Amino acid sequence: MIGIEVAAATIRLTVPLLLAALGEMWVQRAGLINVSIEGAMLIGAFAGVAVSHLTESALLGLVAALVASTFFCLLFGLFTIRLRVNPILVGTALNLIALGLTGFLYRSLFGATGRTMIVPPLRSLAPESLRELPVAGPLLFDHTPLVPLAFVLVPVMAYILYETRTGLMVRAAGENPEALEAAGLSVNSVRFQAVLVEGVLAGAAGAYLSLAHAHTFIEGMTAGRGFLALAIVFSARCIPLRVLAISLLFGSTLAVQFQLQASGTSVPHQLIHMLPYVLTLVVLACFGRPSGRETWKLGS
Amino acid sequence: MSDGPPAVQASHISKRFGRVAALHDVSLEIEAGRIQGLLGENGAGKSTLMNILFGLVAPDAGTLHVAGELHAPRGPADARAAGIGMVHQHFMLVDSLTVAENLALHRIQDSGSYDRLSAVETARELGERYQLPIRPEARAGDLSVGERQWVEIVKALDAGARLLILDEPTAVLTPGESERLFLALRGLAEGGRAILFISHRLSEIFELCSHVTVLRNGSVQDHLAVKETDSSHLTRLMVGREPEPRRRVPALQDGTDAMAIQALTVARDDGGPGVEAVSLELRSGTITAVAGIEGNGQEELCEGLAGLRSPSSGRVTLAGLDVTDLSPLERSRLGLGFIPGDRQRQGIAGSMTLTENLSLRAHRRPSLGLGPFIRPEALQQRARDLMERHDIRPGDPELPASSLSGGNQQKLVAARELDEQPGVLLALNPTRGLDVGAMDNLHDALLEARSQGAAILLVSTDLDEVLALGDSILVLFRGKLSAVPDSARSRKSIGLMMGGETPEESRA
């Protein structure tokens, strides 16, 4: 049974990483690096909880999460694409703003009463008979619609990237923006669209954390998952299938980490906590080196 | 067919950049069906004129007419719509996309849908229509420079170009590829297109163009029919003075072995072979010149010898010592100098001053520094001396190096390296992008170093330079070196070797 629990947990923990990483992959393919994806997820997580608490509707909460995170990413686009500020600087500032703003709003809207605010959760759409199946139930059906969506997005985005004109433009914008301009197309608008895509996906990732997973908001609840998504994209060199593979690797490490904690081993929990981050460094050292052919042109 | 208005007419164009007049009252007509040459040194205003035609730069004064209609492009898109196509000096291709995808990128605005198979089909049709040998399914990054140029030309023609502007298109081609290009251009001109061919090589103007316009210092010197002029007249117009014949000074007899390279193999950035099992001896007082098309291992060879890339196998000895595993600094202490190929990136630190740039090697000398400290006045005094001796202008040692012209930047690099009195000097494309005057200066500097006993390895994609300076000549092709026998020491046979043919074949 532990095997199934870990597998189910792997899926649960992979989904937010995968959603965020796919968004970040899209933006990096278009030639930007958005480190404020962490903040975008946090904004999405908070907006989702706030709105579903006020409206008693998880669905409206999800919509709010997508909108808020997209708006937040548009700010990133405005500063980096339109005003040409260094993207790392903008991203870092936005991360700090997101952390402070969500904490402040959470306390002022819902009070620091110490009472945990529980919101209606996003639920699986599968009928109960399927959800209660042994093995297949927890693995395949007992998930919110965001879970299949995340996995389906991998081939969909790969198809768009390699087989459509949108993909052609995104890849050209990232690799040789001058060539795109020379073709009479606007690099800025391609990049803005990419930032929008990332906003939606980061919002979904944040909403998944708060609405589907925790059913509440906790300050800083993204806990570095946005940065893990960045590490995933770098290690995967922006290739969709590799993004999936490395997301699963990180998701399973998180699952094992929680399993270890729950099993009450004598290993100090601080060490277990470090596991995913140590793994990040190892994976980056192995796969994260630029290959020379793929370069990211920062804020060009 | 030239009865109508000219395909493109530029009238009284002027353009200033700050205090510099880039173009002054330039007029030019390009007739349909004609290949018009534009000749001038670097900095003569060729690029500015071209950028004005293509809508990248707006003129301060003057007008453009295309087929009789006023043309005031606000950007490349306008110029393209008016039928002006440009083949850029550095190609605008996305390396990871295939040729077909690159071409599709340019059709994307008007094609409703895109799919890979029909893009390949379209690309094949375009290649056939314009009779240019493109490979639709190859990745742009894997193409030779010549092939990339075909793609650029097809791209421009596909956009409906009636005037095709080519900016120094042969600089990166083998003589054979240039022939192929000229053939294609003649065909296009016969088909009624106008072609503006920009070059500073006289031989190409004579071979290809029917008319030529000479620019110097931003002004038109003359418009000429090529048949009615000769090369010394054109040179005088272009340079403003009589060309000096270069004197060939014989090399020192029997110089000693300064550097020996044994079976050196150095990998490219992407892991592929850069140079493979290359062996070579550099003798003091001798210039060993290596010819070859760009991208055949020049960078890897020079950087491997300078210690900037570690070889995967082989041995390098410098003054009798094995330096294969030594750092660039240790090699430089043993008397190795390096004039890198990309002066902006590797030769100078642009935001640092001339003094600082000139001190990058010498600051360790006891007379110029004290322990961890440097002596600013001594460094500045030395910089002044060097700048005077090497005629680096403007003469203010506290200017940032990036404010210098390309020629002066290169003099700065050469001055820094030569002042160390290297026993071995590596020079990679040392005169790329320099005008005739600056080129002469640098050649003089190399010959001077040779007469003082330096062993010089000159790696250059400029065949004329190799022929003029090399005491012995080798050709680098796909990472392999082959010696050019004295009997094959001609443009033609070296050109064949640069395309991969063996010297035996080339002699036949």
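Trainee: How much area do chain B and chain A bury between them, and what makes it buried area?

Mentor: Chain B and chain A bury about 1,900 Å² between them, with 54% of it on carbon and sulfur atoms. Buried area is the accessible area (1.4 Å probe) that two parts lose on being put together, summed over both. This is a predicted model, in which local features need pLDDT of at least 70 and side-chain atom pairs count only at pLDDT 80 or more, while totals for chains, interfaces and linings use all residues. Residues are numbered from 1 along each chain as its sequence is written, chains are lettered from A and ligands numbered from 1 in the order in which they are written, and side-chain values use heavy atoms, leaving out hydrogens and water.

Trainee: How many residues does the contact take from each chain?

Mentor: Chain B gives 24 residues and chain A gives 19. Contact means heavy atoms within 4.5 Å.

Trainee: Why is the pair B:E101 and A:R171 called a salt bridge?

Mentor: The rule asks for a side-chain nitrogen of Lys or Arg within 4 Å of a carboxyl oxygen of Asp or Glu. The closest N and O atoms of B:E101 and A:R171 are 3.2 Å apart, so the pair qualifies.

Trainee: What makes strand β3 of chain B largely enclosed?

Mentor: Five of the five residues of β3(B), residues 35-39, are buried, so the rest of the structure largely encloses the strand. Buried means under 20% relative accessible area, exposed over 50%, and partly exposed in between (1.4 Å probe, protein chains only). Strands (E, at least two residues) and helices (H or I, at least four) are DSSP runs, numbered from the N terminus.

Trainee: Which residues cover the two faces of β3(B)?

Mentor: B:I35, B:G37 and B:L39 are buried on one side, B:Q36 and B:L38 on the other.

Trainee: Why are β3(B) and β8(B) said to pair?

Mentor: Pairing needs at least two DSSP bridges between two strands. β3(B) and β8(B) have five, in the parallel sense. B:L39 stands opposite B:S199 in β8(B).
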